[in-house]
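Open the model in your viewer and show the side chains. The stops below say what to select and what is found there.

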Amino acid sequence: MKSLIHGLFLDELTAVIREMDAPAFRAKQIWHWLYEQRITTWDAMKNLPTELRAKLAERFELTPARALEITGTEDEARKILVGLGDGECVEEVLLPSGDRRTVCVSSQVGCKFACAFCASGQAGYKRNLLAGEIVGEVLLAAAVWGDRPGNIVFMGVGEPFDNYDNVLRAIRILNHPDGLGIGARRITLSTCGVIPGIQRLAEEGLQLELSLSLHAPDTATRGQLMPVNRRYPLADVLAACKAYAEKTKRIITFEYTLVRGVNDSPAQAEDLARLLAPLPARVNLIPLSPVEGFEGEPTPPETARQFIRTLERAGINATLRDSQGSRIKAACGQLRIRRLATT
Ligand code: SAH
């Protein structure tokens with residue numbers, strides 16, 4: 001497989017261009033075609049000499065990802081089944097909300113972490129996405145919308161901190177003013193609690209948003225839902241979050257998927273509030289999206305509202321994510337699983 005041109009930093013591309021005996025400014029012109037014009041053929045790079053275009057085409061792949069299937073209509077959440085160069089696929093979700101366009105991208109083909117209610121882990125883990133493939137997902141969203149997304153969330157298939165280097169490389173390309181120019185504060189990394197990733201991110205000097213998938217206020221319940229809790233126990237994860245918040249001065253969002261009778265009692269809401277009190281935290285409650293192979297049921301809306309009220313009374317800011325995604329099977333991994341089942 002040729003390497004992906006979308007995986008290169010501007011200075012790396014500049015070095016390549018120099019090697020090809022072309023002037024350095026060509027690299028900026030190429031980035032302009034890639035990220036401003038978002039062209040899909042080498043021939044479209046009209047201000048480049050034909051010979052340089054031919055050399056680039058020989059060395060680089062220009063199509064990091066393809067849309068194999070798009071579900072949903074323009075004004076609702078849409079899901080794209082994303083085909084990669086080696087025949088693997090992942091998925092991404094496009095969430096329009098007023099004039100905000102958010103794209104939810106995948107970071108790995110499959111996932112190793114096997115959270116009980118998550119479809120991504122069910123099909124096992126195949127490989128990491130390359131940085132260029134992650135950039136490619138965002139470009140596919142831009143192609144569907146005819147404009148670049150305003151926000152990016154890493155909440156598709158995979159664990160971003162298990163593919164740390166490629167994810168951060170993609171983020172730096174997407175964030176670069178000559179790249180897509182998407183602000184760091186508009187990029188959210190969501191983790192199941194991989195502590196080394198949280199610690200490294202604190203040192204990057206980037207104003208990224210961190211989301212932590214918590215799902216339970218005590219280690220027994222969390223361990224039942226998330227096997228990762230054995231390797232990175234709740235108390236250690238929270239300590240890492242606290243250090244992250246102190247270092248970056250950022251508020252951390254805690255994701256909490258409500259499962260009926262498992263983690264949605266008033267006592268658990270109180271425990272959660274106590275647990276998060278020492279942190280600059282907000283809670284994002286997620287309605288469970290039913291997944292085959294997981295027995296749990298969604299929490300009834302009234303119980304969810306009560307859970308929020310308990311958190312708010314204790315001074316914790318909480319919101320209930322709307323479930324527009326569930327109609328299009330947006331819970332992570334669901335489209336990929338269907339695809340695997342039919343091929
Ligand atoms: N691996 C990362 C990001 C991917 S999942 C992480 O764990 O954070 C994004 C969020 O969706 C996580 O909070 C995850 O726990 C949640 N999620 C996964 N499957 C779900 C389902 N069926 N219903 C509701 N939320 C789900």
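Which residues does phenylalanine 254 touch, not counting residues up to four places away in sequence? Select Phe254 and display its contacts: Leu212, Leu214, Leu238, Cys241, Leu276, Leu279, Ala281, Arg282, Val283 and Asn284. The model is a predicted one.

Now widen the selection to the largest nonpolar core, which has 103 residues. Phe254 and Leu276 are the residues with the most contacts inside this core. At least three of its residues come from domain 1 (3–61), and at least three from domain 2 (65–328).

**The whole protein**

Zoom out and switch to a cartoon. The protein contains 14 helices and 14 strands. Its radius of gyration is 21 Å, close to the 20 Å given by the globule rule for 343 residues, so the protein is as compact as a globular protein of that length. Along the principal axes, the C-alpha atoms fill a box of roughly 70 × 45 × 35 Å.

Colour by burial next. Of the 343 residues, 53% count as buried. The accessible surface comes to about 15200 Å², and carbon and sulfur atoms hold 49% of that. Among contacts with a separation of 6 or more, 66% are between residues 24 or more positions apart.

Domain 1 puts 12 residues into the contact, and domain 2 puts in 17 residues.

**Aromatic pairs**

Show the aromatic rings: the whole structure has four aromatic pairs. One of them joins tryptophan 31 and tyrosine 35 in an edge-to-face arrangement, with 5.0 Å from centre to centre and 75 degrees between the planes. Both residues belong to helix α2 (residues 25–37), and because they are four residues apart there, about one helical turn separates them. Tryptophan 31 and tyrosine 35 are both buried.

Move to phenylalanine 161 and tyrosine 164. The ring centres of these two lie 5.8 Å apart; their planes meet at 40 degrees, so the pair counts as tilted. Phenylalanine 161 and tyrosine 164 are also buried.

Is histidine 215 buried or exposed? Select it in the loop between β11 (209–213) and α8 (219–225). Histidine 215 has a relative accessible area of 5%; buried means under 20%, so this residue is buried. Its phi is near 70 degrees, a positive value in a residue other than glycine.

Alanine 114 is the next selection, in the loop between β7 (108–110) and α4 (119–122). Alanine 114 is not a glycine, yet has a positive phi of about 50 degrees. With a relative accessible area of 39%, alanine 114 is partly exposed.

**Last stop**

Finish at proline 287, in strand β13 (residues 281–287). Proline 287 has a relative accessible area of 29% and is partly exposed.

Notes: Residues numbered from 1 in each chain as written. Predicted model: local features only at pLDDT ≥ 70, side-chain atom pairs only at ≥ 80, totals over all residues. Heavy atoms only, no water. Core = buried A, V, L, I, M, F, W, Y, C linked by side-chain atoms within 4.5 Å. Buried < 20%, exposed > 50% of the residue type's maximum accessible area, 1.4 Å probe, protein only. Domains from an automatic or database assignment. Contact = heavy atoms within 4.5 Å. Helix = DSSP H or I, 4+ residues; strand = E, 2+ residues; numbered from the N terminus. Rg over C-alpha atoms; globule rule 2.2 N^0.38 Å. Areas by Shrake-Rupley, 256 points an atom, 1.4 Å probe, with all protein chains shown as cover. Phe/Tyr/Trp six-rings, centres within 6.5 Å; stacked < 30°, edge-to-face > 60°.
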